[in-house]
Amino acid sequence: MSAGVPLLEARKLTKVYRPQEEARGETDGAAEVRALDGVTLRIHAGEYVAIVGPSGSGKSTLMQVLGLLDRPTSGELHVGGQSVARLTDDQLATLRNRSIGFIFQFFNLLARTSAIANVALPLIYARHRDPQGHARALLQKVGMGDRLFHAPHQLSGGQQQRVAIARALANSPRILFADEPTGNISTAQAAEVMAELDRLNREGVTVIVVTHEEDIARHARRTITMRDGRIVTDRVRRQGRRVREERVAVGRASALPSRDALVENLRMALTALGLNKLRTFLTTLGVLGGVGAVISMTAIGDGAKAAVKARLASLGSNLLVVQAGSGNIRGTGGAPRFTLQDVQVLKTLSQGMGYVKYVDPTVQGNVVVSAGDKNWATRVTGCQPVYEVMRASRPVTGRFFTDAEDQARARVCLIGNTIIRNLYAEGFDPTGTLIKINKTNYRVLGILPVKGGGGFRDEDDVVIVPLNTAMNRILGQTTISSIDIEASSSETIQDAINEVTDVLRRTRHIPPGKDDDFNVRNMADIQAAMEGTTQTLGLLISGIAVVSLVVGGIGIMNIMLVSVRERTKEIGLRKALGAHNLEVLFQFLVEAVLIGVFGGAAGIVIGAGVALGFSLVAGWPILLPWLTVMGAAVISALTGIVAGLWPAWQASRLSPIEALRYE
């Protein structure tokens with residue numbers, strides 16, 4: 001500590017503004033502007049100084065340099081014995097926050113913020129333990145206790161100035177700068193403001209007033225007159241009481257924003273987004289589209305896989321389907337259909353220790369069933385009793401038909417749940433009753449288990465009858481539509497295919513080197529093909545999603561650049577009150593992240609809705625893993641971070657005074 005250290009000491013300060021042409025290297029003779037031209041002065045603690053002079057004399061520029069809002073072009077500046085020449089932007093911000101208070105000419109209150117929040121702002125940046133409580137006490141001290149939650153537009157000029165004074169006093173500054181403190185208020189209000197400044201000086205605060213009004217300057221005990229960037233007179237009217245002078249230590253501030261600062265950032269971000277709802281909505285569309293595409297495709301793809309697996313499981317395990325016609329021919333083409341003799345040959349494979357366990361021939365066709373006065377168009381499947389085991393079709397009520405009933409061409413059947421729902425009253429069990437198939441009575445032996453829809457085909461919309469009954473009484477055909485074969489195990493499916501292929505080539509007299517006139521389909525291969533198609537479609541949708549997210553990110557970046565320009569003066573004010581670069585960066589980064597998160601949340605909801613609608617049409621389940629939802633949320637937030645980082649960085653690098661001057 002040293003009693004002789006001036007609170008402010010300037011040595012040969014200059015501040016030069018060069019025309020834009022010269023700054024770009026295009027010297028065309030334009031004269032530079034020397035706002036300060038070798039200013040040297042000392043101001044001690046407890047002084048009450050008025051800096052006066054005509055417009056353009058440099059008095060406001062001197063205040064800005066002394067208040068650490070601007071850096072001089074040359075010269076030295078010491079605050080409390082601390083040279084500020086090599087201090088970083090954040091160190092200057094800390095020094096402003098802890099030692100300097102500002103009362104600006106146009107108040108510079110945050111427009112969408114209450115009086116108490118305005119006063120609490122420098123306290124938040126100083127990491128005060130109770131910024132709201134201390135701000136309340138300061139407002140009550142300046143007579144604004146009944147206007148705590150009023151926004152600036154709800155206050156008179158004098159009331160706004162008192163809020164500005166309370167904010168300037170938030171961190172008990174050693175120096176108080178007042179730039180034309182009465183320039184925008186009435187005479188009565190000006191008297192109140194000057195009385196408050198007089199009181200603060202009597203309490204030991206160093207007050208520096210910049211004014212061009214002589215009656216305001218008379219409140220000060222020392223008057224500095226400036227002209228053309230120079231001090232022309234420095235006159236002490238009267239001595240004030242001495243205040244102990246101490247050296248100023250900048251100290252170290254935390255690199256990361258405080259919890260209160262993050263809450264303030266979130267509040268301001270929500271306010272800014274709420275004031276521009278349409279712009280915010282349009283900005284989120286890109287993120288919304290990308291996330292919605294990912295969510296809907298994932299849910300639809302997983303649902304499709306589950307539906308295929310469930311359908312194949314309901315059809316039976318280790319199942320092969322043999323049909324006439326090669327893979328290069330649509331339908332059967334000219335290939336001969338299968339007959340019952342072909343079936344008998346294949347059944348011999350199941351009688352030994354080979355790879356075939358069961359063989360079941362089937363025929364299919366369209367019929368009309370009726371009960372009472374209700375009719376329903378459906379399909380009929382003729383099969384043998386082994387169908388019950390192979391196709392996992394054990395009746396939920398009643399029984400399956402027997403071999404004897406098949407040989408006798410008995411008029412018996414089993415019906416699916418869709419037929420029951422369309423022909424009978426809810427809850428009615430038709431087992432044992434008669435139903436008409438193509439106007440002929442058949443007895444219902446049982447009800448088939450529910451298998452669900454499979455895309456555009458309803459597995460419950462079917463009538464099962466004995467094979468010979470279907471061929472001779474209903475469809476009138478002598479050939480087999482397809483032959484179902486069950487392999488002995490999942491490991492022997494390929495062996496079973498080879499065995500069946502060899503037998504059929506012999507019985508159908510296909511010479512070596514000639515293509516088969518039949519095909520053997522493996523249900524597991526169908527599932528794999530379906531999953532492959534789904535994955536391909538998923539990759540396509542993912543590509544579209546990436547493009548949408550890139551477009552959305554560009555949109556967020558553009559809007560954030562606009563937001564930075566719109567709020568440049570606000571950025572300057574926050575920096576003047578002590579905000580570090582990182583705190584300003586976080587302020588705009590939070591806003592960008594919120595846009596991304598809002599778009600992601602809407603995309604998740606819309607994507608899930610699209611998937612739900614598709615599942616209702618296709619009859620598939622909707623599967624949406626939480627991991628996918630969390631991943632989509634993280635991606636949307638990352639999009640906001642990446643897109644908002646450049647605008648936020650630009651905002652954080654703004655000079656306080658240049659931002660405050662921005663129009």
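Which residue forms a salt bridge with Arg 279, and how many Å apart are the closest N and O atoms? Keep that one in mind while you go through these notes, and remember that you are looking at a predicted model.

1. The partner of Arg 279 is Glu 566, and their closest N and O atoms are 3.1 Å apart. This pair links distant parts of the chain: Arg 279 sits in helix H10 (residues 277-315), Glu 566 sits in helix H17 (residues 523-566), and 287 residues separate them. As for cover, Arg 279 counts as partly exposed, at 22% relative accessibility.

2. A word on the background here. Side chains of opposite charge can pair when their charged atoms come close.

3. Is Glu 570 buried or exposed? Glu 570 is buried, with a relative accessible area of 10%, whereas Arg 112 is partly exposed at 37%.

4. Arg 112 and Glu 570 belong to one network with Arg 567, Arg 574 and Glu 591, joined by salt bridges that share partners.

5. The order is S2-S1-S4-S5, and the pairing is antiparallel. Strand S2 (33-43) and strand S5 (82-83) stand at the edges; each has a single partner strand, so one side of each has no neighbour in the sheet.

6. Zoom in on two of those strands. Strand S1 (residues 8-17) and S2 run antiparallel and are joined by 8 bridges. One handy example to click on is Tyr 17, whose bridge partner in S2 is Val 33.

7. There is a side-chain link here as well: Glu 9 and Arg 42 meet in a salt bridge (3.2 Å, N to O). Glu 9 lies in strand S1 and Arg 42 in strand S2, so the pair ties together parts that are 33 residues apart in sequence. Glu 9 is buried, with a relative accessible area of 10%, but Arg 42 is partly exposed at 45%.

8. You'll find Ser 481 in the loop between helix H15 (467-474) and strand S21 (482-487), where it is partly exposed, with a relative accessible area of 22%. Which residues does Ser 481 contact, leaving aside its neighbours within four places in sequence? They are Gln 323, Arg 337, Thr 362, Val 363 and Gln 364. The C-alpha atoms of Ser 481 and Val 363 are separated by 4.7 Å, although the two residues are 118 apart along the chain. With Gln 364, a polar atom of the Ser 481 side chain lies 3.3 Å from the backbone nitrogen.

9. Last stop: the surface. Leu 266, Leu 270, Val 597 and Phe 598 form a nonpolar patch there, with about 310 Å² of accessible area together. Helix H9 (259-275) and helix H19 (581-618) each supply at least two of the patch residues. Phe 598 is in helix H19 and is partly exposed, with a relative accessible area of 38%.

Note on methods. Residues are numbered from 1 along each chain as its sequence is written. This is a predicted model: local features need pLDDT of at least 70, side-chain atom pairs count only at pLDDT 80 or more; totals for chains, interfaces and linings use all residues. Side-chain values use heavy atoms; hydrogens and water are left out. Patches are made of residues with over 30% relative accessible area and no salt bridge: like charges are joined within 9 Å, nonpolar side chains (Val, Leu, Ile, Met, Phe, Trp, Tyr) within 5 Å. Accessible areas come from the Shrake-Rupley method with a 1.4 Å probe; for residues, only the protein chains shown count as cover. A salt bridge is a side-chain nitrogen of Lys or Arg within 4 Å of a carboxyl oxygen of Asp or Glu. Helices (H or I, at least four residues) and strands (E, at least two) are DSSP runs, numbered from the N terminus. Buried means under 20% relative accessible area, exposed over 50%, partly exposed in between (1.4 Å probe, protein chains only). Contact means heavy atoms within 4.5 Å. A polar contact is a pair of N or O atoms within 3.5 Å; within protein, one must be able to donate a hydrogen and the other to accept it, and residues adjacent in sequence count only if both atoms are side-chain atoms. Two strands pair if DSSP finds at least two bridges between them.
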